[in-house]
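Trainee: Can we go through this model together? I would like to take the contacts one by one.

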Amino acid sequence: MAESGRARRQDRGPRASRARPRRDRACGRPGDTHGGCVAREAAALPCPSGCEVPSACRAPAGRRRLPPGDRPCHVSLQAARPGFVCSRRRRLEGVPRRVPRGAAVRGEDRLRPGGTGGPCFLSALRPPFNFLLPSGKPEGETDRQTDRTSKKMQCQGPALPRAAGRRRSDVLSAGSHWLARKRRGALRMRRSHVLPGRPLAMLRSAASRLPGRGGVLRACALRSPAGPRRHCAGLAGGRDGAPDVRACFTTPIFYVNAAPHIGHLYSALLADALCRHRRLRGPGAAAARLSTGTDEHGLKIQQAAAAAGVAPRELCDRVSAQFRRLFRDAGVSSADFIRTTEPRHRRAVEHFWGALQARGLLYKGPYGGWYCASDECFLPESKVTRRPGHAGPVSAESGHPVSWTEEENYIFRLSRFREPLQRWLRADPPAIVPEPFRLAALQWLEDELPDLSVSRRSSHLHWGIPVPGDDSQTVYVWLDALVNYLTVIGYPNAEFKSWWPGTCHVIGKDILKFHAIYWPALLLGAGLSPPRRIYVHSHWTVCGQKMSKSLGNVVEPGPCLERYSVDGFRYFLLRQGVPSWDCDYYDEKVVRLLDSELADALGGLLSRCTASRVNPSGTYPAFCAACFPREPGTEGRRARAQAEDYALVSAVAALPQQVADLFDNFQIYKALEAVSSCVRLTNGFVHRHAPWKLSWESPTDGPWLGTVLHVALECLRVFGTLLQPVTPNLADKLLSRLGVSDAERGLGELRFLPRFYGHQCPFEGRRLGPDPGLLFPRLDQSRAWLVKAHRT
């Protein structure tokens, strides 16, 4: 049988020059009932995926069956049959024979222009990743877009280089090749597995785009021959740019019609934490600034001042001072506090208006619609409804009353920017995070985008900036307010260009449309780029109800800062606040969280490791490499480290990069959760080895006791460094207790446990700092005596 088979193959013609592919895939030809590949227009093209027809497959009668070497697969037939799905996938997954152009297909079924290029290297990984068919792109021209929060990954990149006539498996197995495997949600690769001509930096960049568990992007842990990767350096930069690129973080400017509440403080703390973390990344990244302020123009302020019986200026001065005092007391490190009533802001608005007018984007005409004074915007008929308990129509989104208004205003040609805005949001998925808010903005752009009124009659609204050259009109309050992001960086002076567009806005979800649609359109109209990032967060409720003056459940942040301390309340809001959905507030939750994670876990760990009974010398103890060898399972008379101890070292070593990635993804709550998890692991490490039961005089226990304390103090140093953006005072107290100087508190200097990796530790033998007492006193004193007894 074997000889007759060879004879039949010789009769069909010469073999292909390349080796016979592996029999690991079945491939179907479109239009026929059998599962084999038949030559058509692309008969001369090799099969990039290395698939082969099973030997049982036979061509229909009267049709010549090509040898496997010359038989093209479905990848090669892309140009002739776009959207074709192989028979193997149809059988296993029940998908239709053809898919629409642009629809998602699996990695191994991805088609490339012309069929001559090999598939993307990601298609070799398991589980398969999702790709999009390119549409309308010239051959060789590709782009790559990564979605950080979606489970689908769009990857349109050039094929890996391959020799003509060679199958993909030969390329991957020749010397250096790709070897990818999934472990703990991350892709790990070795330097020896890099393709020839592919620098490690390129692979690090490409692999960092891979999705991890739950679709969240994870950093790629690259291991080098020198040993395990240490998360000691390389954190100076970020995904948003090089470390020397300036970054300006802004909060929304807050209306002064009412006193501040915890929602205002939450916005400011999010921006403050992002800015502080950026500054920690190194000297080049120190060029980061934060701005906040108050919005003091508009009909809402005018009506609130009239209701209070004071002049608008007096109301603005009083409430703006309250916001400034709150942010100062809460430790918000803002470099600028902008007020829209300042002369510098008026100059910026007038210049911005002139830029729009010079480009022919403003015209004067009649404008009518439902106007909501509370939201300071016109609403279409579809967004207006009637609800029980309201005398007139209200906004369907906010529930605020609306009134019909018709007047002659200046109008911005917003309709021209519908397609540019769609291209911007689709080309840059991280432009608005979290992902649901970007999708909401794209959904708004699916509808018609009417032109926008950007002025009001001065007779109706006098408290604002007059339109340049037309005192009968007042600049629309939202155009006025949005320009503050340019005012704080020096606009219209040339210096603003060093900060724009590297500006990131932190806003609440209720003003998403103004920042995701109107503001980018206005910027494009003025010849500027959209902002780099728009971080959106949800609201805070109180015991399941929305905060409201009528309900009397507005939480004032001032008393909370006094009751729970500044660092405690900062930690609670950033630890519990989830940007994607509303968060609930009640006092019992604050007490439980702070007592559990700051007082007991973190404070207790510091007290146990620095107590005079355990550490009588008051120094950073020495690390014994014989007691804690670098490789787990090492046999030795003095080795005492367990498997759980190596897991702790690995977790804390990966923590700085993990926290940096989560900050970049606007998941500060997850970053704090990761720190808290490592704190619990470290407490378990200390309890497991009980240093208070060991003796310094013992020749066997002494070195191990010093090693246990050294590892615990190193973990505490990492925790204190990473908590600086969230709890700056508490982190300063912790690091000062460990004897860490100000110059050693950046992420670039965070070299965790260098003695474990065979390097010198600058802290070994150093005197600890003065004892500050309790790191964070317990709030619930009813169980304080139990905690004290447990610690002793």
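**Contacts in a predicted model**

Trainee: How many salt bridges does a search of the whole structure find?
Mentor: A salt bridge is a side-chain nitrogen of Lys or Arg within 4 Å of a carboxyl oxygen of Asp or Glu. With that cut-off, the search of the whole structure gives 28.

Trainee: What should I know about the model itself?
Mentor: This is a predicted model, in which local features need pLDDT of at least 70 and side-chain atom pairs count only at pLDDT 80 or more, while totals for chains, interfaces and linings use all residues. Residues are numbered from 1 along each chain as its sequence is written, and side-chain values use heavy atoms, with hydrogens and water left out.

Trainee: In which helix do Asp272 and Arg276 both lie?
Mentor: The two form a salt bridge, with the closest N and O atoms 2.9 Å apart. They are four residues apart, about one turn of the helix. Helices here are DSSP runs (H or I, at least four residues), as are strands (E, at least two), numbered from the N terminus. The helix is α5 (residues 262-279).

Trainee: Is Asp272 buried or exposed?
Mentor: Buried means under 20% relative accessible area, exposed over 50%, and partly exposed in between (1.4 Å probe, protein chains only). Asp272 has a relative accessible area of 0%, so Asp272 is buried.

Trainee: How many residues apart are Asp645 and Arg688?
Mentor: Asp645 and Arg688 form a salt bridge, the closest N and O atoms being 2.7 Å apart. This pair links distant parts of the chain: Asp645 is in helix α17 (residues 643-664) and Arg688 in helix α18 (residues 668-689), and the separation is 43 residues.

Trainee: Which of those two partners is partly exposed?
Mentor: Asp645 has a relative accessible area of 0%, so Asp645 is buried. At 32% relative accessibility, the partly exposed one is Arg688.

Trainee: What distance separates the end C-alpha atoms of helix α7?
Mentor: Helix α7 (residues 312-329) has 18 residues. The expected span is 1.5 Å times one less than the number of residues. That gives 26 Å, and the distance between the end C-alpha atoms agrees: 26 Å.

Trainee: Within what arc do the buried residues of α7 fall?
Mentor: The buried residues of α7 include Pro312, Leu315, Val319 and Phe323. The arc is that of the directions from the helix axis to the C-beta atoms. Seen down the axis, the buried residues of α7 line one face of the helix, because their arc is 115 degrees.

Trainee: How are the rings of Phe323 and Phe327 arranged?
Mentor: The structure holds 26 aromatic pairs. Rings of Phe, Tyr and Trp (its six-membered ring) pair if their centres lie within 6.5 Å; planes under 30 degrees apart count as stacked, over 60 as edge-to-face and the rest as tilted. The rings of Phe323 and Phe327 have centres 6.1 Å apart and planes at 55 degrees, so the pair is tilted.

Trainee: How many residues apart in sequence are the parts that Phe628 and Phe756 tie together?
Mentor: Phe628 and Phe756 form an edge-to-face pair, 5.5 Å centre to centre with 85 degrees between the planes. Phe628 lies in the loop between α16 (587-610) and α17, and Phe756 in the loop between α20 (728-737) and α21 (784-791), so the separation in sequence is 128 residues.

Trainee: Over the face of which residue does Arg289 lie?
Mentor: A charge sits over a ring if NZ of Lys or CZ of Arg is within 6 Å of the ring centre and within 35 degrees of the ring normal. Arg289 is at 5.3 Å from the ring centre of Trp499.

Trainee: What is omega for the peptide bond from Tyr491 to Pro492?
Mentor: Most residues other than glycine have a negative phi, and most peptide bonds are trans. The bond from Tyr491 to Pro492 is cis, with omega near 10 degrees.

Trainee: What is the phi of Phe666?
Mentor: Phe666 lies in the loop between α17 and α18. Phe666 is not a glycine, yet its phi is positive, near 60 degrees.
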